[in-house]
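Trainee: I would like to learn how to read a model like this one. Where do we begin?

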Amino acid sequence: MRRTLAREIAKSGTALHAGAVVDMRLLPAEPGTGIVFRRRDIGGREIPALYDRVAETRLGTVIAEGDATAGVIEHLMAAIAGAQIDDLIVSLDGPEPPILDGDAFSYFRLIEEAGLRERPGSRKAIKVVRPVEVAIGDAQIRLLPSHGSEYHFDLDYSNTKAIGKQSYTMTFTRENFAREIAPARTFGFVHELDALNKMGLARGASLANTIAIDGDTVMNKDMMRFADEFVRHKILDAIGDMALAGGPLVARFEGMKSGHAANNAVLRALFADSSNYQLMEI
Ligand SMILES: [Zn+2]
């Protein structure tokens with residue numbers, strides 16, 4: 001059986017980079033559709049949420065089909081993966097989903113409220129059978145064969161006492177995702193904000209949706225949900241980016257100081273050689 005939403009969800013909010021208010025509709029979809037973004041502000045152009053459509057990874061994952069794009073999709077994709085949804089249309093009237101709380105739980109909660117519906121159809125997992133590694137600068141990722149789906153991350157921001165070094169390991173289940181990972185918020189550095197704004201980025205960032213780090217201190221510390229929220233958010237991002245594999249990934253993900261660029265590179269490396277993986281009927 002494949003899963004989609006039981007009913008449509010509508011939610012508006014500020015886009016993280018564009019700063020504009022975007023109206024998002026999550027629509028039930030036919031079995032076999034996969035996850036597809038639809039830009040209804042530019043004639044309903046559709047962009048499949050797949051690793052080979054990733055066009056930009058600097059500050060969020062952007063997918064593109066021709067000149068139609070959808071950006072900052074990773075938190076929503078993580079919520080979709082956490083809820084184990086196979087088929088869904090994400091209809092937007094702007095370039096990004098609303099950032100909401102800067103986490104994945106804001107989306108996950110909406111999906112839980114709407115409920116899921118099962119439909120007949122084949123559902124295939126991607127089982128990693130040979131280790132796949134990428135390194136970009138000092139960022140590294142390994143995908144290792146594993147019986148289940150696991151995530152491990154080592155983060156090192158030794159240049160600020162607000163973060164320092166953090167490590168986290170989780171077994172990817174719906175329950176663990178909802179409790180340990182989905183609530184972890186995105187974070188950003190105050191000293192970078194001006195430059196980002198001038199580049200047209202982070203215009204919607206605020207203390208309501210981003211943990212803001214100024215030197216060695218967190219400006220909105222009372223908003224933090226976990227002492228190690230930063231590394232948990234890095235796992236959230238990794239889950240969202242791995243959801244672009246096009247099906248559940250059966251592997252152990254190990255990330256070290258990595259981000260969206262390495263996440264995309266490891267999926268491209270995985271699928272570049274068909275002896276790296278097997279498709280498994282679930
Ligand atoms: Zn993120």
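Predicted model: local features only at pLDDT ≥ 70, side-chain atom pairs only at ≥ 80, totals over all residues.

Trainee: Are Arg25 and Glu8 buried, exposed or partly exposed?

Mentor: Arg25 counts as partly exposed, because its relative accessibility is 29% and the class runs between 20% and 50%. Glu8 is partly exposed too, at 41%.

Trainee: Which salt bridge ties together parts that are 115 residues apart in sequence?

Mentor: Arg3 with Glu118, where the closest N and O atoms are 3.4 Å apart. Arg3 lies in strand 1 (residues 2-5) and Glu118 in strand 10 (residues 116-119), so the pair ties together parts that are 115 residues apart in sequence. Arg3 has a relative accessible area of 21% and is partly exposed; Glu118, at 44%, is also partly exposed.

Trainee: What about Asp41 and Arg39?

Mentor: Their salt bridge has its closest N and O atoms 2.8 Å apart. Asp41 is partly exposed at 35%, whereas Arg39 is buried at 9%. The structure holds 25 salt bridges.

Trainee: How do I read an interface between domains?

Mentor: The size of an interface is often given as the accessible area lost when the parts come together. Here the protein is divided into domain 1 (2-119) and domain 2 (124-281). The contact takes 36 residues from each of domain 1 and domain 2. Between them the two domains bury about 2800 Å², with 62% of it on carbon and sulfur atoms.

Trainee: Which residues of domain 1 lose the most area to domain 2?

Mentor: Leu16, His17 and Tyr51, which together account for 21% of what that side buries.

Trainee: How many salt bridges and polar contacts cross the interface of domain 1 and domain 2?

Mentor: The rule finds three salt bridges and 21 residue pairs in polar contact. On the side of domain 1 that touches domain 2, helix 1 and helix 2 (105-114) each supply at least two residues. Helix 1 gives the most, with seven residues. By class, that side has 20 nonpolar, 10 polar and six charged residues.

Trainee: How should I look at helix 1 itself?

Mentor: An α-helix has 3.6 residues a turn, so residues three or four places apart point the same way. In helix 1 (residues 74-82), eight of the nine residues are buried, so the helix is largely enclosed by the rest of the structure. Among the buried ones are Glu74, His75 and Leu76.

Trainee: What follows helix 1?

Mentor: Gln84, with a positive phi near 60°. That is a positive value in a residue other than glycine. Gln84 is found in the loop between helix 1 and strand 9 (88-92), and is partly exposed, with a relative accessible area of 30%.

Trainee: Where is Ala202, and is it buried or exposed?

Mentor: Ala202 is in the loop between helix 4 (190-198) and strand 17 (211-214). Ala202 has a positive phi near 55°. Ala202 counts as buried because its relative accessibility is 8%, under the 20% cut-off.

Note on methods. Residues numbered from 1 in each chain as written. Heavy atoms only, no water. Buried < 20%, exposed > 50% of the residue type's maximum accessible area, 1.4 Å probe, protein only. Helix = DSSP H or I, 4+ residues; strand = E, 2+ residues; numbered from the N terminus. Domains from an automatic or database assignment. Contact = heavy atoms within 4.5 Å. Buried area = accessible area lost by both parts, 1.4 Å probe. Salt bridge = Lys/Arg side-chain N within 4 Å of Asp/Glu carboxyl O. Polar contact = N/O pair within 3.5 Å; in protein donor to acceptor, adjacent residues only side chain to side chain. Nonpolar A, V, L, I, M, F, W, Y, C, P; charged D, E, K, R; others polar.
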